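Dear colleague,

I am passing on the structure below, together with some notes on what was found in it. Please look it over when you have time.

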Amino acid sequence: MNAAYNAPLDAELFPEGLSRCSLKKFLIWLLPVSLVLLWGLYAAFKVLSTGLGVTGLDDYFGFGLWITFDLAVIALGAGAFFTGLLRYILNIDPLKNIINLAVIVGFICYSGAMLVLVLDIGQPLRAWFGYWHANVHSMLTEVIFCITCYCIVLVIEYIPLALEQRQLNRIPFLRILAHNLHVFMPLFAGIGAFLSTFHQGSLGGMYGVMFGRPYAFREGFFIWPWTFFLFVLSAVGSGPVFTVLVASLMEKITGRKLVSWEIKSIMGKIAGTMLCVYIFFKFLDTWWWIADSLPKAGMSFDQMFHGWVYGKWLMVMELFVCGLVPCVLLVKKSLRDRPALFYLAALLDCAGIVINRYVMTVQTLAMPVMPFDQWVVYTPNWVEWAASLLVVAYGAVTLSFSYRYLPVFPQEKELNRE
Amino acid sequence: MTTELKKFRIRWGMVIDVDKCTGCGACMVACQAENNVPPENTSNRRKSLNWLLVYELSNGKSFPGHDLAYLPRPCQQCGTYPCASVCPVIATDKNEEGGIVSQIYPRCIGCRYCMAACPYHARYFNWRDPVWPAGMEKNLSPDVSVRPRGVVEKCSFCHHRFMQAKDKARVEERDIFDLEDGEYVTACAESCPNGAIVFGDLNNPKHRAHDLAASPQAFRLLERLGTDPQVYYLSRREWVRAQGDNRLPDEGNRG
Amino acid sequence: MGIDRRSFIKFAAGAGLGVTASPLPWKMIDDVAIWTQNWPWIPSNPKGESVWAATTSKYCPSACGLKVRMVNGQAVRAIGDADHPLGGGLSPLAAAEIQMLNSPARVKRPLRRIADGRLEPISWEEAEKILLDKLGAAGPQVACVSGDETGSSLGALSALLAGRGSNQLYVMPSDAQAAGRAWRLMGGKGQVGYDLEGSDFVLAVGANVLESWGTFIRNRRVFSSSRGEVPGASFVYAGPVQNQSAAVADQWIPLRPGSELVFLLGLCAVLAQQGRSVEAGDFLSFRDMLSGYDPQQVNALTEIPAQVLQSTAAALIRAERPLILAGSECGYGGGAATVMAGLALNLLLGGKTLRDVLLSGPVLPGEKARPDIQAGDLAAYMGKGASPQALLFYSANPAYALPSPKTVREFIQTTPFKAAFTSFLDETASLCDLVLPITFSLEGLDDLESPYGCAKPFYSVCRKLVDGPAEARPGLELILDLSAKLGKKLAPSAQDVIKAKAKALRANATALNQGKVFEGSVASLPGRFTLLPEIMRKAAESVKNAAPTLLAPLSRTALGTAQSGIPPFNAKLIRAGELEGNGMQALLNRTTAYSRGLQDGDLVRISAGQGEIVARVRIFEGIVPDALGLTMGLGHTALDAFSLGKGANVADLFTPAPEEGSGLTVWNRVGLTVVKV
């Protein structure tokens, strides 16, 4: 024990050989985060105690901000399974330097999404019916299965990291357990990849199968509508850069280098490549949607948009500004290697996927299908925002603690040598 | 993924004559009273339960060429249902002779995926616990249980009345799948003073609904989406029929 | 104690495993489905045998037939009664009638106004004592307003007043009243009736015949049967707004508000021109008067195309048994002259579908006949402002429904003593010194005789089927009791009044008491009529100076009666064209709106006379130019949350004026000032 005077009170818990800010500073940082957290908890309490009437959702928008948020974080959390897949199954070794973070972000995204889902369903006490009375024809059943299972996988992937906490790691049993889990990690990564691919797909499938909703409905392959594949691709095309963005944000906040540029660049290249594949098929899908699916429903492309709120600009943003542009920026090495462009591309990439999840959720429902019905506008209210921010705050807290007490970044010591 | 079209020996359906509907709303009130749908004092029409909702249709022309019509919209009890196929917990299904899309309230988890899937807005969510003004709960109808908050509900074609009619037929040792025309009708059909709603077995030639559904003036809502509704509408007015479905400008009126 | 950590953990693990392996947790989890469905705060259904009873709705203004289902002494559902002569289905009010028994607006115990202006509960003994004292002190200086035109309570009230030496009994103004006056003036004996069932061409002028006019549920049944496989009667609606009747009619003839009379006179003129005549002493002067209403002149006055007039007249002539129904969209205030012109037109066409429906007449000492009571003009009486000493309201809400409610409220407030016999705490009751709860439909013995519009004498006993609030008393019984206590015994009981009525109508009282209704035979029409062309001519004069923007009220039965307000079940029936949020919607067609610099969604201040309301412009092409449509039945300032704070009361804009000729107060040509806010 090299207890120094000026070491923070909780220095004993820090990862071996790394320095952290003072406990006071850490607590001050946690204060605003906790306030948001409390606000979110209050909203959650309102929802659970009085019902969903307190939200801005209604019978036109049974799905709203929360589902958009869930879908977005699940897509962005895809960094976990995809990085895991590449690291453990395809043995791309450098990714070990960011896999821990990817797992934590994935864990936060999935557990956060589940938290919001508990609020979003009207009968949370019956949530387990998805297993008990499963309708195997429903895409949502598949989503329930895979998300819950994958969340467990993420917990299992997170545990060995947690066990590497300096004090815990001293307990022989835990140390051995952590080691054994590490050995089995490729297995879990495999299971995770399988589960994750399926539910990312099923989330897309959920929309694609709604043949009563021309905005979302897509034909497809066997039982899977095209949105199934598009959602998988878009998730892997954005998840890795989201992980990088989180890492970079943490670097900004902590003032320390955490992940080397090389790793970030690899992640960007992976995401960029997948995004290209995604965008290619997305354009194909959009063309077919306009040329075939919509006319079959008796509807025109123009009918899919309304005013400013649901205007075509959203589509331009999604496909071009947040689609093609990041593709180019991430794939072309000379562009990718310029940090400003790289981060811009990463942000656009993530934004594009969020827009996609938003329009698939909200615009699908806003568009009148019966000719005598009208466009309706959805505005989430504070309860929905608060509960969503609850997850963000929860994520911030989890990341803060993980960073402070766990050896998340293998490169940290090396990168911060003074 | 699409749903298989199930074949039933009997198919309960409605034929609603738009040219007879004055939009008075008696059907909506009768429906609420029959099915214990709570009264709601909300100015938010998108948050109130209406198993049956009367829409106002306009031909879009200016005075004096303007015309309007009222179109009551119950659950369309689709043959190829967009809703039940997506329910993760089989809280709604179409598996009973008669072809009524069921809704099992104690099973529903309130995910609202069925609502998103239904293009008719026929499904409603209990955003709050149902509240009757003090004392009014004494006048609840005995046949339909009250739903708590957090579940989806919708028109059941007054399914309890089907059960009662079947029970009666059983006691009288008649074929429960060959009920007389009018032996089983929904509360809305029964309430309409204009006789705008005709209810019956679409497969049974002895039922009026069977013939009316075959009328050249009959149409269904959003037929081309492939939902195969069991609710038909009638109108002599071309423009009303045209509003039953979406058509591209170059397709003419009857697509 | 020798429990160490190890054994405790063992025990806990064992217990955990044991419980998990037992069916207990699984059963409990599975039961979640049940108890999440049956939380203690979710009301449960009544259980028990169903009992059905037939009756006639006292709530629905169309007096439709009901079959009431009861379980454990509680009414649970009302359905329509197709066998009832005025039935056939449910109106949106009859459908909500059962729930209205427990409406939050019900008055459940007697209330007295105390010094600080609030109403406080008192006992019936106290209430009765106050009432008798005040009535005793007022002597003949007592007036009464009744909202029930069809019950024996009306006659009983007249007898009670007669006992006090007063004849100031008024009914709430209605189309029935206007038609009553018209029919009387023209020589009818009873009440004018219309044989819809026997007609093959129904022309409704102003009368929203399929929504709110007359026995509208019966009207709608007849309409329905006319739409069968074999085409039956044609329905044509003429009026300012494409309303519920116009939506399904074979033809909508757009008329400027208030031009119904001129339109009818125009039709009469075409027929008279073709040599049609009426057995009437003053037919010649009537024909002379009509010469001022040939199609061109009518067109000049009202912009009704001459060709429309011609073709409508031709259709009427072609029809074998045409029927013209003249009335007002809002159900009152349309005046007698319009009805007279309608009747004259019927007579020119042979009058085959007109009926003289004889009423039972007085059965109590001092009772006045219904037409005599209808002869009073409440709006005129209250407008004059000479308050009596005591004022009684029986199921009437003039403070909401009469034109210029401000004047009415002042009239009521300046009356030293006012009491309301009411089931609902409405605007009028809220102004009274004493509020006395009476039973609502189905709760107490009541009756219903020949509502306006029916073709044959009709009588129904509305039996007590369920218990009302413990302290609510049946109205008729209460009036008899009061009269006796004031020193004039009218009849031993309500049942005796009903027996006397039945006897007068030659109906079987026993059958009536079992829920059967009585339908009498039709009296022949008077051999000779009087047409009184001068009344029509004078009334028609006022069409000439119409205001640039005219009010077109829209009736909507679902929004309740003035008395009850909006039934809780009906609050969600309000459409976007009627209210947006809680804001009133003003319907204007595009041309009218643009010519006034208004656009869809603009907030406007609409004023007429002393009244003013704020509404939002809503472009609606189913309304004639220079007219502004507003939905009636909104803007309540009393009753319950389902009625309060929703839109504005159109009656605020009604500016009453005496109808030239008949003298009846009318508000059928209300000129509006519309200013953008």
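The notes that follow take up chain A and then chain C.

This is a predicted model, in which local features need pLDDT of at least 70 and side-chain atom pairs count only at pLDDT 80 or more, while totals for chains, interfaces and linings use all residues. Residues are numbered from 1 along each chain as its sequence is written, and chains are lettered from A and ligands numbered from 1 in the order in which they are written.

Chain A holds 15 helices and two strands, helices (H or I, at least four residues) and strands (E, at least two) being DSSP runs numbered from the N terminus. Its radius of gyration, 22 Å, is close to the 22 Å that the globule rule gives for 418 residues, so chain A is as compact as a globular protein of that length; the radius is taken over C-alpha atoms, and the rule is 2.2 Å times the number of residues to the power 0.38. The C-alpha trace of chain A spans about 75 × 55 × 40 Å along its principal axes.

Chain C is divided into domain 1 (5-35), domain 2 (190-357) and domain 3 (546-676), with bounds that come from an automatic or database domain assignment. The centres of domain 2 and domain 3 of chain C, taken over C-alpha atoms, are separated by 25 Å.

Chain C also has an open sheet of three strands in the order E17-E18-E19, with antiparallel pairing, where two strands pair if DSSP finds at least two bridges between them. Its edge strands are E17 (446-449) and E19 (518-519) of chain C.
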